[in-house]
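User: I would like to learn how the words used for a structure follow from its numbers. Could you take me through some examples?

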Amino acid sequence: MWSAECEPTQEWIPLDPIPLEGSVTAMLQGDHVALDQLFEVLSSAFAVQLWGAASGDPEQEVDLRLGTKG
């Protein structure tokens with residue numbers, strides 16, 4: 001398990017798919033705006049499947065599976 005804290009930024013958004021050797025699962029927690037921005041960036045680089053979500057005020061938790069875009 002890896003844990004990271006991320007700050008949203010507009011500096012760099014990948015434009016091309018990024019290959020993975022296998023699928024990767026990710027559990028993301030944070031405010032709604034930050035998670036929406038992160039989901040948008042991940043979706044531009046990977047095939048993203050939403051596996052589950054729980055919402056509260058002011059935070060949200062999202063479970064994703066990332067794969068190589070086809």
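Analyst: Let us begin with a definition: a residue is buried when its relative accessible area is under 20%, exposed when over 50%, and partly exposed in between, using a 1.4 Å probe and protein chains only. This is a predicted model, in which local features need pLDDT of at least 70 and side-chain atom pairs count only at pLDDT 80 or more, while totals for chains, interfaces and linings use all residues. Residues are numbered from 1 along each chain as its sequence is written, and side-chain values use heavy atoms, leaving out hydrogens and water.

User: Why is Gln 60 called buried?

Analyst: Gln 60, which lies in strand β3, has a relative accessibility of 18%, and therefore it counts as buried.

User: What makes the pairing of the Gln 60 and His 32 side chains a polar contact?

Analyst: A polar contact is a pair of N or O atoms within 3.5 Å, where one must be able to donate a hydrogen and the other to accept it; residues adjacent in sequence count only if both atoms are side-chain atoms. The side chains of Gln 60 and His 32 make such a contact at 2.6 Å.

User: How do you know that the buried residues Leu 35, Leu 42 and Ala 45 of α1 are on the same side?

Analyst: Leu 35, Leu 42 and Ala 45 are the residues in question, and they cover an arc of only 85° around the axis, which puts them on the same side of α1. The face turned away from that buried side carries the exposed residues Val 33, Asp 36 and Glu 40.

Methods:
Helix = DSSP H or I, 4+ residues; strand = E, 2+ residues; numbered from the N terminus. Arc of directions from axis to C-beta.
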